[in-house]
Amino acid sequence: MTDNPDDPGTSLGATLSAVARMLQAEHDVDATLAAIVKAAVDHVDGAEYAGISLVESGRAIRTVAPTDNVVSAIDEVQYRTGQGPCLDAIADHQIYTTGDLAAEARWAEFASAAAEFGVHSMLSYRLFVTGTTLGSLNLYSRKRDAFSLQTREDGRLFATHAAIALSGAQKEAQLGVAIESRDVIGMAKGILMQRHDLGPVAAFRMLVESSQHTNLKLHQVAAWLVEHRDQL
């Protein structure tokens, strides 16, 4: 990123504003993830590849939206060895960078294996909102010392926008799932009420009991009933 006050079109503020608008236009989680990594490669100086290490269920971490297969390969080494800049960025809530993986002593086991893929520089930012860690944004380059101190600071602002956009997309997706589950449960209740001449409370209780007996979630039981209603 550059910050040239004489050229509004290339200033850091203008770039971040454009990126923010682009990310806000994406409402699907996968589309938002893809937009984030593309924008990172396009706008963060030195970045050749990008990916996101996404935290799931509070602990599990997986790579999503990699811009190149080398990203997935390097991240897999991190997950296997349990060390690396992406993992430390998530755990320590700090920016981690390295300019020469082959000579990196902080993550010796990871670095020696990762350097074989031809990547020398890495830069990882924690993605978070209001104390909740979503994962890390990870940038990669085949060049040594690809990320300057200014780039690291500029990238921090980019990562902030990315985290807000990702959090918004995730909440919207969760809301969609909740509404869909509510509608399916309502349909299942209607089926039971009609077929067994039950009131809404009794029908809902029947769904709950089925959920407990089958060890399935309530919306799963409801979805099964709706799907197989013609066979019952």
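In what order do the five strands of the open sheet lie? The order is 2-1-5-4-3, and the pairing is antiparallel. The model described here is predicted.

## Confidence of the model

The protein chain has a mean pLDDT of 83, with 84% of its residues at 70 or more. Among the elements of the chain, strand 3 (residues 96-98) has the highest mean pLDDT, 96, whereas helix 1 (residues 12-24) has the lowest, 64.

Over residues 2-10, pLDDT stays under 50. For this stretch the model has 12 contacts beyond four places in sequence.

Strand 1 (residues 49-56) runs antiparallel to strand 5, to which six bridges join it. Within this pairing, Tyr-49 stands opposite Tyr-140 of strand 5. Strand 1 also runs antiparallel to strand 2 (residues 60-64), here with five bridges; Val-55 has Ile-61 of strand 2 as its bridge partner. Strand 1 is largely enclosed by the rest of the structure, because seven of its eight residues are buried.

Strand 3 and strand 4 (residues 121-129) are likewise antiparallel and are joined by three bridges. In strand 4, Met-122 is the residue opposite Thr-98.

Ser-136 belongs to strand 5 (residues 132-141). Is this residue, Ser-136, buried or exposed? Its relative accessibility is 0%, so Ser-136 counts as buried. The side chain of Ser-136 makes a polar contact of 2.9 Å with the side chain of Asn-138.

Leaving out residues up to four places away in sequence, Ser-136 touches Gly-51, Ile-52 and Ser-53, together with Cys-86, Ala-89 and Ile-90, and also Tyr-125, Arg-126 and Leu-127. After helix 4 comes His-93, with a positive phi near 60 degrees.

## Thr-81 at the end of helix 3

Thr-81 lies in helix 3, which spans residues 69-81. With a relative accessible area of 16%, which is under the 20% limit, Thr-81 is buried. A polar atom of the Thr-81 side chain lies 2.8 Å from the backbone oxygen of Val-77.

Which residues are in contact with Thr-81, leaving aside its neighbours within four places in sequence? They are Glu-109 and Phe-110.

## Packing of helix 7 and helix 8

Helix 7 (residues 200-214) packs against helix 8 (residues 218-227) at an angle of about 105 degrees, and their axes are 9 Å apart. Angles of 65 to 115 degrees count as roughly perpendicular, and helix 7 and helix 8 are therefore described in that way.

Helix 7 contributes Phe-204, Leu-207, Val-208, Ser-210, Ser-211 and Thr-214 to the contact. From helix 8, the contact involves Leu-218, Val-221 and Leu-225.

Key: Residues are numbered from 1 along each chain as its sequence is written. This is a predicted model: local features need pLDDT of at least 70, side-chain atom pairs count only at pLDDT 80 or more; totals for chains, interfaces and linings use all residues. Side-chain values use heavy atoms; hydrogens and water are left out. Helices (H or I, at least four residues) and strands (E, at least two) are DSSP runs, numbered from the N terminus. Buried means under 20% relative accessible area, exposed over 50%, partly exposed in between (1.4 Å probe, protein chains only). A polar contact is a pair of N or O atoms within 3.5 Å; within protein, one must be able to donate a hydrogen and the other to accept it, and residues adjacent in sequence count only if both atoms are side-chain atoms. Contact means heavy atoms within 4.5 Å. pLDDT is the predictor's confidence in each residue, from 0 to 100. Two strands pair if DSSP finds at least two bridges between them. Axes are lines fitted to C-alpha atoms, for helices over the stretch in contact, and angles run from 0 to 180 degrees between N-to-C directions. Angles under 35 degrees count as roughly parallel, over 145 as roughly antiparallel, 65 to 115 as roughly perpendicular and the rest as oblique.
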